[in-house]
Amino acid sequence: MSLFIVNILDGLVTGLLLFMLCSGLTLIFSMMGVLNFAHASFYMLGAYFGYQISTYVGFWPGLILAPIIVGVIGAAIERYGLRRVHQYGHVPELIFTFGLALLIEEVVQFFWGKSQMAFEAPAALKFAAFSIAGNAFPAYKVFMIFIAIGVFLVLLYILTKTRIGMIIQAALSYPETVQNLGHNVPLIFMGVFGVGTAMAAIAGVIAGPVLGTFPGMAVLLGSIVFVTIVIGGLGSLWGALLASLLIGWLQTFAAAYNLRMADLLTAIGLTEPADLAQSLLSDLWTLTLPQVGPILPYLLMIIVLALRPQGLFGKRET
Amino acid sequence: MSLQGQQSIGTKTPLIPIRKVLPWLIACGFLLLLPQVFPSGAGLTIMNQMAITIVFALAYNMLLGQAGMLSFGHAVYMGLGGFFCMHLLNQVEYNQLYLPLPLLPLFGGLFGLIFAFLIGSFSTRRAGTVFAMISLGVGELIAACSIIIVVFFGGEEGVSGDRTMGPQVFGFDFASQLEVYYLTAIWLVLAALGMYLFSRTPMGRIANAVRDNEERAEFLGYSQRNVRWISFCASGFFCGIAGALFAINFEILTEENLNLATSGSILLITFLGGVGFFVGPVIGAVVFTLLQTVLSLYTEIWQLYLGILFVLTVMFFPSGLTGLIAMHFRPWNLSKVGLLIRPYAKIAGPALVLLFSAIAIMEILFHARHSSIGSEEMNLFGMTINSHSPVPLIIAVGLLLISFFVVRKLAPGLLDAWQDANHQERET
Amino acid sequence: MENNQPTPAIELRNLHKSFGLAQIIQGVDLAIHKQERHAIIGPNGAGKSTLFNLITGKYVPTAGGVFLHGENVSGMKPYQINRMGLSRSFQITNIFAKMTVFENIRCGLLWSMGYKYSFWHLVNRQRNVTDRAEEILQQINLLERRDELAGVLTYAEQRALEIGIAIAGGADIVMLDEPTAGMSASETSYMVDLIRKVTEDKTLIIVEHDMGVVFDLADRISVLVYGEIIATDEPQNVRESAAVQEAYLGTAVEEAG
Amino acid sequence: MNLFTKSLMAAAVTTGVVAGSMAASYAADNIKIAFIDPLSGPFASTGNQGLSHYKFAAQELVNSKGGVLGGANFEIVAFDNKISAKESLIQLKVAIDQGIRFIAQGNSSGVANAITDAVKKHNRRNPDQQVLFLNYSAVDPALTNAKCNFWHFRFDANADIKMDALTDVMATNKDIKKVYLIGQDYSFGKAVAAAAVKFLKAKRPDVEIVGNELHPIGKVKDFTPYARKIVSSGADAMITGNWGSDMVGLGKAVIEAGFENPIYTYYAASDGITKTFGEAGEGKLKLVMEGQLNPPVSDRAAAYTAKFEAQYPGYDIGQPRIANVIEMLAKAIDKAGTATDMVKVANALEGMEHDSIWGTKVTMRAKDHQAIQDVHIMAHTAKDVKFDFDSSGYGLKVESTVKMASADSATTCNMKRP
């Protein structure tokens, strides 16, 4: 039971982190109709900038500065890159962001090399906040939870209480109408792209010390982020939240419990073949839950899309 | 076969118009002669690899270019076809299955087709972003499964085999690289011809129609979903052929044949070459293999250059390298290419300086940051310079700025000339 | 009289369509006879395009049914309905801009000429398709522009091409959505002649704002207001109907105000 | 027209390749060793480190002493395989085309499997152009068991031998009652787990294996759930064969989750890993490895290490066995009297006994071409470390040694000799 509670908390951290990426991606998609393939790359940039700044002035200024820098870079890319490609249509846009993801990974390697950076959590948070049956829960993870929730509340406030939020919300449901209302749509696009990438960067700064700051971090997380927002429903913020938490817990619990396929197969009355190594089904018998953990999100996505093509909370089909 | 099958009596066009067949004949002759020019084993390996990439890229473009479907997981169909062929080869070796090697690609194609049929049944329901995302998910899923399902995928070390264990065909046992080259070349021509002809069938044309305007196609009696599904299956078939050729050439298949990196690079190759042209992926595959094998000999940051090239292509030349060449057809037809020579010659020098100074800056920075401590000397365009001293960097930046301004000054002239060259009668 | 009537080409029975809470079509009953030229008119937002989309299968009715030659086609996909002999043009020009004029027409022909999803015919070698496409190009006066990209045609030419694609498949019911919108007077009269010519012996359903066109072409007219048909009659009677005048002009005034 | 372009492009590529290969083959009389390992991509630092050591060893141990066969020098030619099996085979062909007959590779057992297979096929198909495969690091036991062949020699202790040595040492520690096994889900990870189960059962039947699991390789973002399980299992020690980012991620998560007991590893050192663990790994991280750096076994070894670090700052001797590869190859070539007849060189290498610079005797076992040597259990520490890793102040210090580990272990190898 105590392990279960610890896993709930760990899964929450993963899920909320995922949500910080997904919320930005969802906003960008809702406004501009483009799925930003490079979103996780901005998360990586956040981690690297956070690391670099932390080597000069410490972690905390990095937490503020890195997202701002990344947000400005994101806005610039929207202004000078994406807007140009927009005229060619959605598929070239998607290809552009894909190319961007490749490029950012190369640029990161150009400047920081290929090894993992020694990005450390701030000393002030390097203690175990509490401990459940011998399992320490680091204070840094508590901090991560609060940051993620804080970012979400700020986002919610902006979306529901401010004028600009109203416009963005309207764009969720009536993208064409908003375009025709005479708002400075390009400027809003640029702003939303900048804010979305900045949010990814915040996630990067706080995740960097825990999940590692290395050139593969974007790819590792990237496809999961897309899967999450597709499951949640493209363009739905609440769907993204639900799907993020779902996947966070799914992955945590899948890794945490060593359920074996062999037990399941024996339970339904099959007998394990004597010479397992020779059997064609040996892979099936030796399968465990942690092994299949990483593919569960993809399976879930395919199931969801087969049953409900617009995703769990999706309003419109693309 | 279909060339003659549909011949009806009394047509105006000849049976096989020479204008259309000539490029194919030249290509065949060229493929035949190539090994005489580059007979080394490594040369043959690279040519084989190029041929396989061409088949794969052409098959990919059946989706991206012809049917407008962006797949992020297309390595799966090539990979699965290849894995299946590897197992067939092992059956030939250990269980005396009778299968002449030259027929193997056919089976690879069939296996690719079967998988495309199964996965296409749900992934082709939607186009655009949703299709792209499903293809990504399926691709990641199967790549991840390759580590888990060891019986079929062989785990991390993959599945290997020996192509020479089958029955000899006309005395060939395909032990030598040259025999494999000719086998690959024959299948390259067959597959390319098949895909070319496919694009000229009613199905191929309707795939274009669905790409351009899926709604309108629906109101002409065509189910957009079925059109996409059939395109997907056809692409899967040719991907499977590419996979079989890979199995024959490398005699090993691994997870790498299925993963996102391979899927991504085929997108890159195809787009770089130009999705709007049949020959685009061919050029893309050739250029990419060139960059990969040659550029990586000279610079460590070749992937950075490739990334920059790709992003610039998407932004400024969405029709790819082939599009860049095709842009000149109109001035050529108007006999006005001459107008372009002078402005091109004028801008070429500064543009090259711009290019090389940009490269120099990147190389110097990279060396300064990543060379081992103490090693300050580096080789740049044949010169030995000190990457840690500011002088070379300042010179490079200076050259970059100067050439940039010169290029900017010359650009309007080039554009004017370009306008002239593209207009029939400017004075009237 | 009703008993002797042959099966209508299209029959709408108590057709409803709502989007969320908004009821756009609220119970339409309409029978359109074979080889009749039928116009649907009504103020902006009356639901004319929605009605079109319901008949052609783009939308699924919330209630009621669409009957094509007596067969219920509600819920069928557009391509299935098209294969039953109904074809349409679009209000916003909806051609294959990256293909040539000839290829546009050919796309409209392929299914009906039995090629379906064939990948074992070379399309350029099908004489019958080429001949038929050229015939149609002749009819719509675009033969000279045969090999131009459709995207570079003039607006009027694109509209003509749009109609050419719609009639190419030989459908016996043709539905045209504002075929003369945005055209000059001379272009409009040219278009009316063209429509009359290419829909010879066919059932024509047309949505149109230009009353001149409507009264010129139509055998009968239906007036759609707020998702309901308030009148269906011959042009003369519609013109004189007080109810129509009031509803139509009334809303028109509202709209203006 | 377009096909012409295609043709021209193809011609350009091949010209480029040929030109490139010609540029690389300037020194005529050198005996060339192809170093095929990742020099770009995520494992580039490991590859470059190995390459530096090869170059240094060739110069220091052979060329500066007059070379082999009365004056021929060793030359290391680097080929980047991007840690891809496909790319490795291409580079192998390029290397053979350049007339190189000795192939050195080590990173990734998957690549090693592909190369050993390709070398076997190549030697059968081209008897006049045979090559030898010097495997200096790939430790999948299969390479010297089921998949062994005459052309393959392994200079590292394989996964079984390392586990044999590790469990010898663990067996003497009576505090260890519960052990947790975790590894990457592929051939090597499975081999480590199987060996651990086998040896622990034989040597310490009282030890309970409280966990034995594999996780997907390179795919786990967050190792926390695994760490929770390990802590909750009450294990007194854990064993892992993880390498690269999987090692860093797992190690950090386990330490962070409050694990206080020894973590026995195969590859938790150098390439930035030592630096990343730093203080956190002190007293916990242990490595099983050949090649003693700290304390230095001899003045010669210390001088060799110091000279390497001076010449290649930023790199470590992370793979000491490379020195053995070079010295043993040089001896074999001298003994065979040829650097072109691979059967003779292989026969000379087979069964060779060699006194390594690292103080151990190395025997190239004839029956499976597996090197037998001393294997050490080392601790990650900052104390008494003369030669640190990653310039971090932390390094590996030998705690205990198993002499000539697994010298008489069984093999399923059925070597077919030409």
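**How the chains meet**

Modeller: Happy to! Let us begin with a pair that stays apart: chain A and chain C do not touch, and their nearest C-alpha atoms are 12 Å apart. Please keep in mind that this is a predicted model.

Biologist: How far apart do the closest C-alpha atoms of chain C and chain D lie?

Modeller: Chain C and chain D are another pair that no contact joins. Contact here asks for C-beta atoms within 7 Å. For chain C and chain D, the closest C-alpha atoms lie apart by 21 Å.

Biologist: Which chains have the most contacts between them?

Modeller: Four pairs of chains touch. Among these four pairs, the most contacts are between chains B and D.

Biologist: Which helix of chain A gives the largest share of the side that touches chain D?

Modeller: In this interface, 31 residues of chain A are in contact with 29 residues of chain D. Several elements of chain A supply at least two residues each, among them helix 1 (2–32), helix 9 (217–232) and strand 1 (128–132). The largest share is five residues, and they come from helix 1 of chain A.

Biologist: What is the radius of gyration of chain B, and how does it stand against the globule rule?

Modeller: Chain B has 18 helices and four strands. For its 428 residues the globule rule gives 22 Å, and the value for chain B is close to that, so chain B is as compact as a globular protein of that length. The radius of gyration is 25 Å.

Biologist: What percentage of the residues in chain B is buried?

Modeller: The C-alpha atoms of chain B fill a box of roughly 70 × 70 × 45 Å along the principal axes. Among contacts between residues at least 6 apart in sequence, 78% join residues at least 24 apart. Buried residues make up 52%.

Biologist: Is L178(B) buried, partly exposed or exposed?

Modeller: L178(B) lies in helix 8 (residues 177–199) of chain B. A residue is buried at 20 or more other C-beta atoms within 10 Å and exposed at 12 or fewer. L178(B) has 14 of them, so it is partly exposed.

Biologist: Which residues does L178(B) contact, leaving aside neighbours within four places in sequence?

Modeller: R216(B) is 38 residues from L178(B) along the chain, and their C-alpha atoms are separated by 50 Å. The contacts of L178(B), with those sequence neighbours left aside, are P35(B) and L44(B).

**Chain C**

Biologist: Which strands of chain C stand at the edges of its sheet?

Modeller: Four strands form an open antiparallel sheet in the order 2-1-4-5. Each edge strand has a single partner strand, so one side of each is left without a neighbour in the sheet; the edges are strand 2 (22–32) and strand 5.

Biologist: Which residue in the turn between strand 4 and strand 5 of chain C has a positive phi?

Modeller: Strand 4 and strand 5 of chain C run antiparallel and are joined by two bridges. In one of them, L68(C) is the partner of E71(C). The two strands form a hairpin with two residues between them, and the one with a positive phi, about 50°, is H69(C).

**Chain D**

Biologist: How far apart are the centres of domain 1 and domain 2 of chain D?

Modeller: Domain 1 covers 2–157 + 315–372, and domain 2 covers 160–294 + 374–402. In the interface between them, 19 residues of domain 1 are in contact with 19 residues of domain 2. Taken over C-alpha atoms, the centres are separated by 29 Å.

Note on methods: Residues are numbered from 1 along each chain as its sequence is written. Chains are lettered from A and ligands numbered from 1 in the order in which they are written. This is a predicted model: local features need pLDDT of at least 70, side-chain atom pairs count only at pLDDT 80 or more; totals for chains, interfaces and linings use all residues. Two residues are in contact if their C-beta atoms, placed from the backbone, lie within 7 Å. The radius of gyration is taken over C-alpha atoms; the globule rule is 2.2 Å times the number of residues to the power 0.38. Domain bounds come from an automatic or database domain assignment. Two strands pair if DSSP finds at least two bridges between them.
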